[in-house]
Every structure is written in C-alpha cells, then in structure tokens.
Amino acid sequence: MQNIEDTAADRCQNKKVYFLVIDYIKTLIQNKTVSFGEKLPSERQMTATLGLSRNSIREALRSLENMGVIESRHGQGNFLVNHIGQSLGSIFSLLLFMDECSYLEISQLRRSIETSACLLAAAQATDQDIRTLASAFHAMEQGNLQERTILDKKFHDTLIGISGNRLLKLFNETLSQLFESTIDEIRMHVSDKDWNKILDCHAKIYQGLAVRDAQAATDAVMRHYELTDVYYLNKKSS
C-alpha cells in the first residue's frame, strides 16, 4: 500500500515540476532572454533557480523534448525549438497504427481545416495572394504525372498560408505528411478524366477566392475531398 502511495506522490511531484519548468521557459521567452533556436539555461542553473532536484528538472526537460518544444544536443545543452509538428505527426501516426483513427477521419479533419482557411482567405487575401494561388493552380495544369502530388501540395499549402492562421498551417503540414505516399499513389493511378475533375475543384477554389466568394471556395474544397476519398476507397478495395 505504501509503494502505491509513493508512486502516486511521485507522479504528482513530476507533474508539478513539469509545469514549473514550462512556466520558467515561458518567462524566459517573455523577457526575451531566449528565443527559438537559442540555448536554454543549463540543468544546473535551472536547479538553482527553481529550487528543484536535477533529476526532476531532467525528467521535465525530457517530456518537453518528446513534445517537440526543446532539443537536447549532446555536449551542447538544451535548445528551444518548434518541432511540435513532428511530435503531432508521430501521435497521429501512432493513432493510425493502433486503428484509433482512419484515413477518412483524418481527411474529414483536413477538409475542416481547409474550409476554415477559405473563410479567412476570402476575408483578407490580397491581390498578390490570389495571383500566387493562381500561379500554383496553373503549375498543376501544366505539370506532368510525376509532379502531381508536389504541385497539389503546393496549392493547398499556399491556400493555408493565405489564411494567416499558424495553427491551421501546423495541422495541415502534420496531416498532409501522414498520407503523402498514399496520396502520391492515388494521383499516379487517377485517370485523365478524374484528374481534370480534381483540377476543376482547384480552379473553383482560387476563382471563388478571387471574387471573395467564400461559399464557392468552400464548396469546391468539399467536392475535392469527396473525390479523393472515393479514389482512396476504390484503391483500397481493389
């Protein structure tokens, strides 16, 4: 019974240390003492500043490294980084592996992200933004079979970028990486007729945004994902 109580107490203490270290790093950022890419104070310095054991500090830093917030470099120390997208990618990949989510569920999340991006882009896109999106579309029109996946991704990345929302960008990048090879394979086997349907969706997205018609753009996004989901299901059943 004592061992169980000790273990629970240890978990509680570790959690407390974790949040103390988080708050400490937030203070360093707010005070502009450290920024992304720069080295954090040493474990010894943190121990002295926070009044915690070095083992507790090390455990908290290890948790933050797993989250993609810091990076430990052998012989150099710990650095503040932004690898959260990689961490999220690992989590989603594990969920897929454990059948806790599916391609279609992730596809549904991606279309929600893109429809949100369309709403934001329709409200704030500049003429230059629209020209950039149009250029990405025309590159898709002129690209060959091997370039389809790369050019398609560039179009969608551009759309998300125009939204100006960094969280949408983070989730888009994380989710698109999960199925890059699968989407590539789907694109390679889509007929010219079906590829033209996909191109038409992209044309309507940028044309809708060009006239600030959010509804037309989001309808085109929904149609695009409906098509790719059907292609995925057909490929999976074949």
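Predicted model: local features only at pLDDT ≥ 70, side-chain atom pairs only at ≥ 80, totals over all residues.
A residue counts as buried under 20% relative accessible area, as exposed over 50%, and as partly exposed in between. Most residues other than glycine have a negative phi. D99 is another non-glycine residue with a positive phi of about 60 degrees. It belongs to the loop between α4 (84-97) and α5, and with 68% relative accessibility D99 counts as exposed.

A positive phi also turns up in the β-hairpin. Strands β1 (residues 70-73) and β2 (residues 77-80) run antiparallel and are joined by 4 bridges, with E71 standing opposite F79 of β2. There are 3 residues between the two strands, and G75, in the turn, has a positive phi of about 80 degrees.

On to the helices, with α6 as the worked case. Helix α6 covers residues 127-142, so at 1.5 Å a residue its 16 residues should span 22 Å; the C-alpha atoms at its ends are 23 Å apart, which agrees. Its buried residues are I130, L133, A134, A136, F137 and M140. These cover an arc of only 155 degrees around the axis, so they lie on the same side of α6. An α-helix has 3.6 residues a turn, so residues three or four places apart point the same way. On the face turned away from the buried side, α6 carries the exposed residues D127, R131 and Q142. What do the buried residues of α6 pack against? Their partners are α7 (148-163) and α10 (192-210).

The largest nonpolar core has 43 residues, and L133, F155, I205 and L209 touch the most other members. At least two residues of this core come from each of α5 (103-124), α6, α7, α8 (166-178), α9 (180-189), α10 and α11. Leaving out residues up to four places away in sequence, L133 touches F155, T158, L159, I162, Y206 and L209. There is also a second, separate core of 17 residues, which includes L28, M46, L52 and V69.

H224 is part of helix α11 (residues 214-237). Is this histidine buried or exposed? Its relative accessible area is 3%, so H224 is buried. Setting aside neighbours within four places in sequence, H224 is in contact with D152, H156, R187, I198, C201 and H202.

A disulfide is a covalent bond between the sulfur atoms of two cysteines. How many disulfides does the structure hold? The count is 0. C118 is in no disulfide, and the nearest cysteine sulfur, that of C201, is 12 Å away. Seen from the other end, the closest cysteine sulfur to that of C201 is in C118, and because the gap is 12 Å, it is too far for a bond; the cut-off for a disulfide is 2.5 Å between the sulfur atoms. Both cysteines are out of the way of solvent by the accessibility cut-off: C118 is buried at 0% relative accessibility, and C201 is buried with a relative accessible area of 4%.

Conventions:
Residues numbered from 1 in each chain as written. Heavy atoms only, no water. Expected span 1.5 Å × (residues − 1). Buried < 20%, exposed > 50% of the residue type's maximum accessible area, 1.4 Å probe, protein only. Arc of directions from axis to C-beta. Contact = heavy atoms within 4.5 Å. Pairing = 2+ DSSP bridges. Core = buried A, V, L, I, M, F, W, Y, C linked by side-chain atoms within 4.5 Å.
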